[in-house]
Amino acid sequence: MTELSNAPKPDGEALKDIYRRMLRIERNEDEILSTIRKGRLTMPYYSARGQEVIPATVSHFLNDEDQICTIYRGVQDMVAKDMPLKPLWAEIAGRVEGTCKGKGGGMHITHPETGVMVTTGIVGSSMPIANGLAWAAKLDGSDRVVVAYFGDGASNIGAFHEALNMASVWKLPVIFVCANNLFAEHTRYEDATSVDQISKRAIGYGMPGFTVDGNNPDDMYAHMAAAVERARSGEGPTLLECMTFRFRGHVLGDDDKYMTKEEKEAAMAADPLPALRQRLVDDGIATEEELASLQESLEQEVADARDFGLAGELPSEDELRRDVFAEEIPA
Amino acid sequence: MSEMEKMHAIQAINSALHQAMAEDDKVLVLGEDIADKEGGGVTGTTAGLSTKFGTDRVKSTPISEQAIMGAAIGAAMAGYKPVAEIMMMNFTTVAMDMIVNHAAKLRFMSGGQTNVPLVIRTMTGAGWQTAGQHSDFLEGWFAHTAGIKVVCPAFPADYKGLMLSAIQDPDPVIFVEGGGTFFIPNDVPSDQGPIPLGKANVVQEGTDLTIVTWSAQTVRAMMAAPAIAEAGISAEIIDLRTVSPWDKETVLASVEKTGRLLVAHEAVRNFGPGAEIAATVNEELFGKLKGPVRRLGGPTCAVPFAKNLETAFIVQPDDMVAAAKELMG
């Protein structure tokens, strides 16, 4: 991991905020999986269980004006950014009340009010578009920043290399956040990647790059604070390679045969979510009662969103002719 | 009467870009070599823009087609109107994910929450011995993609008017600059304003036969016109101008009148846009046709290098004359 000198540390409030976002992700995902198993949602689901520290800490530094471009394994990124859950659930249920009127689905959620600009199903494609949003921020004279989320596998596709080079040449306010969960779909990191650390690739593009413990809120906090500061002050992009582990395979139903039992068990034993909860209690940052109440309110929010989503109307077939172009295609 | 200015296509596009950037500060221009420091574009199409409007709005880019399109898409989603140059149409292949999966689809996939009002300017065409990777007309690929409009002008005034419309259009537009239309000066009104997308232009009226064509093939149709007339055939020549969405109304009205249709394009004939037009005419006017619809297009091969092969690849004016005679029986 890359050490930062004079690294800012999260205070109690920051840790509580990061924990709240992590728990919101986990409680929401748990309900999605349970609803899929009951047969009430039909969608491919790409779990990010175990990776929550990354978007929770990134989002702690972002405001509503700041924007994200994320990928198919991206529900946690929008939940961390406080996207309201009702339009999210209606979308994954394919209902017209969904944020995309049921025309995008879980792999392609957009919610501009909270800065969720693009969720792409194509590996690597979050990055070139993030550059354009960041160029617009610069032209606007705004200090907003854009986060491009992607995985370790995406660092091997051309879009990554083109986007990092252009962002660096144009000094764009983008933060490239790579969740390195050690597997590109089913392929081990080292079997498909030419360097031992993706952060080293930043050197080739003349931008700061760091390998961060993506399961450690302090480390994520310190690096994200520096990256946001760099972006807001016009110094350009940063690449953060955030080391983590995916507990539930590439896609729901995947049996993880490409992982060893030992590495998976070790990662799950070090689950960052209960670890941060314990720390909040041990350090006197939050009481058991406070955390129980937080959990209860998040579960209620998720249950309400689920009920709202599943009760929604199916989109009318007229939607096939709408939003193709600005002007509706005549029947 | 407005005054006329003699311009060729490249000057007309340049004039449109200058006008659009002066009228609307949301208009941006980006692409390889497009700023004045790099020569104002390899054909000079963007000359003068960076000097006049600054290098924040007129940006030369790395040779990175995916990154160019990504930058244009993101800026368009954030309220700008980028005109992205992909130097040659064959180079769009390198950026197809950005163009097809993102620029064309984001409005639909976001349920109308975002839109991508950008223009892709791209040059192409056989006749310059640039062979198989610098010459293809790929308008059919984009016309087959929902959510993107395809514009293929032939005349300088259309280049200017259609470019002004494309820039202000709320949807993505690919604007094809056909090499076979360059360097033929023509009158452009000094006050040339926007010409609506999706409207064909009847460049020659006639009663026996309808010829539908666009871009460089329109130029060749005009070259064929005197010989067709000499053969006693009254041909109506329609320059489609916009390939998608195409002006069915004008084409159907013309074929209803003439009863005969020849569709000619520079793109490869197999599965080309001519097939869509022919099929639509068959569906709509079956009983009114005096003969089968005829298509002319390139053979199913890459655009060849050798001059004689390249000449044979292109649908020449003589081929159009012969097809017109055949259609008349």
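I count two strands as paired if DSSP finds at least two bridges between them. The model I am looking at is predicted.

**Entry 1: the sheet of chain B**

I traced the strand order first. Seven strands of chain B form an open sheet, and the order reads β3-β2-β4-β5-β7-β6-β12. The pairing is mixed. Which strands stand at the edges? I found β3 (58–60) and β12 (242–244) of chain B there. Each has a single partner strand, so one side of each is left without a neighbour in the sheet.

**Entry 2: one strand pair**

I picked β6(B) and β7(B). They pair in the parallel sense, over three bridges. Within β7(B), B:V173 is the residue opposite B:K149.

**Entry 3: helices on the sheet**

Next I checked what α7(B) touches. It packs on the sheet and reaches β2, β4, β5 (119–124), β6 and β7 of chain B. Its direction makes about 160 degrees with that of β7(B). Then I turned to α1 (residues 9–23) of chain B. This helix lies across β2 (27–31), β4 (81–88) and β7 of chain B. I noted an angle of about 135 degrees between α1(B) and β2(B).

**Entry 4: two domains in chain B**

I looked up the domain bounds. Chain B is divided into domain 1 (7–189) and domain 2 (201–328). How far apart do the C-alpha centres of the two domains of chain B lie? The value is 26 Å. For the contact between them, I get 27 residues of domain 1 of chain B and 25 residues of domain 2 of chain B. On the domain 1 side, the elements giving two or more residues are α6 (139–143), β6 (149–151), α7 (156–168) and β7 (173–178) of chain B. The largest share of that side comes from α6(B), with four residues. By class, I note 13 nonpolar, ten polar and four charged residues on the domain 1 side.

**Entry 5: chain B against chain A**

Last, I looked at the contact between the chains. Chain B gives 35 residues and chain A gives 33 residues. Which helices of chain B each supply at least two residues to the side that touches chain A? I list α3 (65–77), α4 (96–103) and α5 (106–109) of chain B. The largest share of this side comes from α3(B), with ten residues.

Key. Residues are numbered from 1 along each chain as its sequence is written. Chains are lettered from A and ligands numbered from 1 in the order in which they are written. This is a predicted model: local features need pLDDT of at least 70, side-chain atom pairs count only at pLDDT 80 or more; totals for chains, interfaces and linings use all residues. Two residues are in contact if their C-beta atoms, placed from the backbone, lie within 7 Å. Domain bounds come from an automatic or database domain assignment. Ala, Val, Leu, Ile, Met, Phe, Trp, Tyr, Cys and Pro count as nonpolar, Asp, Glu, Lys and Arg as charged, and the others, Gly among them, as polar. Axes are lines fitted to C-alpha atoms, for helices over the stretch in contact, and angles run from 0 to 180 degrees between N-to-C directions.
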